Amino acid sequence: MTKVKNRRPLREYLKDRLKNVPVTVIMSLFVAFCIASIIYFIIIGQYRDIPIALAYMAIVFVFYLAEYSLNVKCPLGYVIFMMLFVLFCFLGASYNFYGKIKHLDDILHSAWGIVFSVVGIILVKSLIGAPDNAKGVIACILFGIGFTMLLSVVWEIYEYTGDSLLHTMDMQQDTIVRHFHSFLLHEPYDNLHTVEIDNITKTVIYYGNGQTLELDGYLDLGLIDTMHDLIWCFGTTVVFSIILAIDWCKGKYLYRFLIPAIAGEKYDKKGKLLKCAQAESGAAAEEETQPAQTEEAENGQAEEKADESGEQPAPEEESQK
């Protein structure tokens, strides 16, 4: 793999990056939308969502900081896809788009698999360089899958913790089911036989001071939602990884459209990895210093031979005479 360690100064990076008009416009519009949302939440008294808007606005600054720190450059395709993902997460959380668009949560967890698979690949490339063979790209893709699923599990733990501590939240959405089977209900209890409850038409919940609540089924408290989120994320991640691996062998069209490049990473028209600019300049510098190092080595060997024989090397003037 080709690894590039050199990094430009921060001011030079920002000056060059902000010249990319499409990316700058996208980021500016998103920041403006977050600021407008904060003002809107203040006016309507929806104070809970003000920190959420600030957190989403901070993603723009994290994006530029991550690019600079990892010494990579995100292509426009990934920037658009990532910011659409972030936008709809914000709309779902603060504008009730989860209730307005059916299956939006499943769609976003599927998109999660692509967004964070790319992040995982970026981390590998920034550490060990751009893959230039099949083993390298397989390693990047496998790490991307593992990294994505790790973040997905951490997110579900966050949702469970938030729902447990803050009773005003229900991120692990409940589901009405009409069928389940259980070891616990079997008498005597064992782990070999289950009791199957089917065609559930009504559940009556007694709570408080004699209050009741009737449901047209059985209430599942977040387990199904959690598993759906993980399954959608895993399925999308695997499918995306397979497509990316095939594309890498066929010309790297999708790879170059979505996967950020480390500094100096370039490809020819056929998708073959070329030497990075820094790597080439480093090789040229090495060639320039090599003759000087060879000459110094020869002089050192001559001095050692002279010391062994006990003779002093002749001065330059006498040798000329």
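Start by selecting tryptophan 248 and lysine 252: in this predicted model, the lysine lies over the face of the tryptophan, 4.3 Å from the ring centre.

**Rings along two helices**

Stay with the aromatic side chains for a while, as a search of the whole structure finds 16 aromatic pairs. Select tryptophan 112 and phenylalanine 116 next. Their ring centres are 4.6 Å apart and their planes stand at 45 degrees, so this pair is tilted. Both residues belong to helix H6 (residues 104–128), where a spacing of four residues puts about one helical turn between them. Tryptophan 112 is buried, with 11% relative accessibility.

Now move to helix H7 (residues 134–165) and pick tryptophan 155 and tyrosine 158, which are three residues apart, about one turn of the helix. Here the ring centres are 4.9 Å apart and the planes again meet at 45 degrees, so this pair is tilted too. An α-helix has 3.6 residues a turn, so residues three or four places apart point the same way. Show the surface and you will find tryptophan 155 partly exposed at 32% relative accessible area, and tyrosine 158 partly exposed at 43%.

While you are here, colour the whole of H7. The helix has 32 residues and spans 47 Å from first C-alpha to last, close to the 46 Å expected. At its start, look for asparagine 133: one of its side-chain oxygens comes within 3.2 Å of the backbone nitrogen of lysine 135.

**Charged pairs**

Side chains of opposite charge can pair when their charged atoms come close.

Select arginine 17 and glutamate 67, whose side chains meet at 2.7 Å, N to O. The arginine sits in helix H1 (residues 10–17) and the glutamate in helix H3 (residues 50–70), so the bridge ties together parts 50 residues apart in sequence. Is arginine 17 buried or exposed? Arginine 17 is buried, at 2% relative accessibility, and glutamate 67 is buried at 2% as well.

Next, pick arginine 48 and aspartate 49, which form a salt bridge at 2.9 Å, N to O. Aspartate 49 is buried at 1%, whereas arginine 48 is exposed at 51%.

Finish with arginine 178 and aspartate 216, bridged at 3.2 Å, N to O. The arginine is in the loop between strands S2 and S3 and the aspartate in the loop between S6 and S7, so the pair links parts 38 residues apart in sequence. Arginine 178 is partly exposed at 42%, and aspartate 216 is partly exposed at 48%.

Terms used:
Residues are numbered from 1 along each chain as its sequence is written. This is a predicted model: local features need pLDDT of at least 70, side-chain atom pairs count only at pLDDT 80 or more; totals for chains, interfaces and linings use all residues. Side-chain values use heavy atoms; hydrogens and water are left out. Rings of Phe, Tyr and Trp (its six-membered ring) pair if their centres lie within 6.5 Å; planes under 30 degrees apart count as stacked, over 60 as edge-to-face and the rest as tilted. Buried means under 20% relative accessible area, exposed over 50%, partly exposed in between (1.4 Å probe, protein chains only). A charge sits over a ring if NZ of Lys or CZ of Arg is within 6 Å of the ring centre and within 35 degrees of the ring normal. The expected span of a helix is 1.5 Å times one less than its number of residues. A polar contact is a pair of N or O atoms within 3.5 Å; within protein, one must be able to donate a hydrogen and the other to accept it, and residues adjacent in sequence count only if both atoms are side-chain atoms. A salt bridge is a side-chain nitrogen of Lys or Arg within 4 Å of a carboxyl oxygen of Asp or Glu.
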